[in-house]
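I opened a new notebook page for this one.

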Amino acid sequence: MLEGKEGKKIQIEEVIEASNMSAAWMKVKANQGGAGVDGMGMEETQEHLKRNWEKIQKKLVAGEYKPAAAKLVEIPKANGGQRALGIPNIQDRLIQQAIHQILSPLWETEFSEYSYGFRPHRSQHDAVKKAQEYVESGKGWVVDIDLKNFFDEVNQDRLMRQIAEKVRDKRLLRLIGDYLRTPLKTLKGEMIRRDKGTPQGSPLSPFLANIYLDPLDKELEKRGLAFVRYADDIAIFVSSERSAERVMESIIEWIEQVLKLPVNREKSKSGPSDGSGLLGFRIYTDGRVGVNPKVIKRFKETVKEIWDSRQNLTSEQLRDRWREYIQGWWNYFKIATWKREVENQSGWIRRKMRQCFWKRWSTPQGRANALLKLGVKGRAVGNAYSRKGSWAMAKHWVTHQALSNKTLERYGFIIPWSTVGIQK
């Protein structure tokens with residue numbers, strides 16, 4: 001059984017109660033995501049559940065339900081390398097979400113005020129704003145702790161002991177343990193057994209990660225340290241270089257000894273806040289928030305990919321792809337109070353757009369036709385026959401006349417910060 005905050009006993013029956021399962025289904029459906037190892041999408045899974053839910057429910061109540069293997073998917077990391085995800089099938093994502101909805105409220109009241117990752121009504125922006133407050137108060141030195149492959153290194157025995165402090169229902173404990181140990185199935189059909197970690201890709205994983213790292217939050221609070229944590233991103237703020245070095249060494253030792261987690265000492269570092277990066281942002285020593293230079297570099301690489309003229313896309317598809325990317329990117333980074341690094345990319349981005357269209361117009365005649373359609377008249381159209389390269393022509397006055405900033409925006413090729421104005 002599960003002892004709630006007010007002593008209420010919760011059994012697995014509450015996890016699979018109709019209203020909770022309905023809410024879980026809506027959440028899983030909204031998150032979309034691909035099929036698992038069973039190859040079934042949303043509609044197929046829904047039909048399967050309609051036909052078989054009674055049997056599945058009985059197995060869950062009896063403690064006999066066995067999760068399917070998770071599909072191994074590798075995605076590129078932002079800083080290079082590959083990140084392994086374990087994608088459960090939709091049925092198991094549903095059950096995990098249902099468990100999460102019942103258990104999460106019991107831990108939420110006890111989680112740290114300075115933990116922001118994967119929690120209700122908290123975001124990366126909240127973590128950045130708190131960090132900004134620390135720096136503005138004089139804590140301009142940051143200790144960045146890098147947990148080496150955290151989600152793959154979680155000690156499952158320790159995690160299960162932490163869960164068992166609240167969970168008494170053996171069926172629920174067994175089910176959570178089974179989800180932790182679920183093997184990963186590769187594209188070649190090989191099964192990778194697991195005895196540690198809580199792989200990313202499932203609804204339960206972030207919640208379990210917060211449970212595992214909660215003792216670290218409590219330790220930092222006990223020491224009176226200013227910090228923010230977003231999942232396994234940990235930043236501690238102090239007022240001097242000496243304090244930063246001392247804190248870094250003692251906290252790393254605590255993590256390795258108590259949590260049994262390996263710390264990447266090469267990537268863990270301390271220094272002034274403007275030399276550090278937090279969730280893609282850089283906090284200057286005067287409290288201004290800018291975009292991390294590494295983010296700008298990755299951003300430019302993505303812009304180049306999107307505006308590659310060799311793609312077999314219509315102008316409308318190109319526009320839609322660009323708008324989806326740039327609006328999402330800007331919605332995240334627009335909280336920066338110092339936007340010069342972003343503003344400086346505007347001219348370069350538009351030049352990439354013009355270069356792309358110049359190449360897509362393909363032939364001198366095609367370019368002449370395009371220029372005419374875009375309002376270029378007289379001898380100026382003759383520039384369509386220029387032997388200059390596309391990058392040079394992207395800066396040429398005739399291309400700017402044809403594809404002015406207003407024209408690009410009118411056709412949907414927007415740059416959001418230019419549209420709404422830049423705070424300098």
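Below are my entries, in the order in which I looked things up.

**Entry 1: ground rules.** I am working with a predicted model, where local features need pLDDT of at least 70, side-chain atom pairs count only at pLDDT 80 or more, and totals for chains, interfaces and linings use all residues. Residues are numbered from 1 along each chain as its sequence is written, and side-chain values use heavy atoms, with hydrogens and water left out.

**Entry 2: overall build.** I found 19 helices and twelve strands in the protein; these are DSSP runs numbered from the N terminus, with helices being H or I of at least four residues and strands being E of at least two. The C-alpha trace spans about 85 × 60 × 40 Å along its principal axes. Of the 424 residues, 50% are buried, meaning under 20% relative accessible area with a 1.4 Å probe, protein chains only.

**Entry 3: the antiparallel sheet.** Which order do the strands of this open sheet take? I read β8-β9-β5-β10, four strands with antiparallel pairing; two strands pair if DSSP finds at least two bridges between them. β8 and β10 are at the edges with a single partner strand each, so one side of each has no neighbour in the sheet. From one strand to the next, the twist averages 20°.

Next I checked what packs on this sheet. Helix α5 (residues 124–136) touches β8 and β9, and its direction makes about 165° with that of β8. Helix α10 (residues 241–259) touches β5, β9 and β10, at about 20° to the direction of β5. These angles run from 0 to 180 degrees between N-to-C directions, with axes fitted to C-alpha atoms, for helices over the stretch in contact.

**Entry 4: pairings inside that sheet.** β9 (residues 233–238) is joined to β5 (residues 141–146) by six bridges, and to β8 (residues 226–230) by five. Phenylalanine 237 in β9 stands opposite valine 142 and is also the bridge partner of alanine 226. Aspartate 144 likewise has two partners: alanine 235 in β9 and lysine 269 in β10. Five of the six residues of β9 are buried. β8 and β9 form a hairpin with two residues between them, and alanine 231 in the turn has a positive phi of about 55°.

**Entry 5: the mixed sheet.** I then turned to the open sheet β4-β3-β6-β7, where the pairing is mixed. Its edge strands are β4 (82–87) and β7 (191–192). β3 (residues 70–76) and β6 (residues 184–185) run parallel, joined by two bridges, and alanine 70 has leucine 184 as its bridge partner in β6.

**Entry 6: a helix pair.** How do the axes of α11 and α12 cross? α11 (residues 293–306) and α12 (residues 315–333) come within 11 Å and cross at roughly 170°. They are therefore roughly antiparallel, the label for angles over 145 degrees. Among the residues that meet are Phe299 and Val303 in α11, and Trp322 and Trp329 in α12.

Definitions and conventions:
Angles under 35 degrees count as roughly parallel, over 145 as roughly antiparallel, 65 to 115 as roughly perpendicular and the rest as oblique. Contact means heavy atoms within 4.5 Å.
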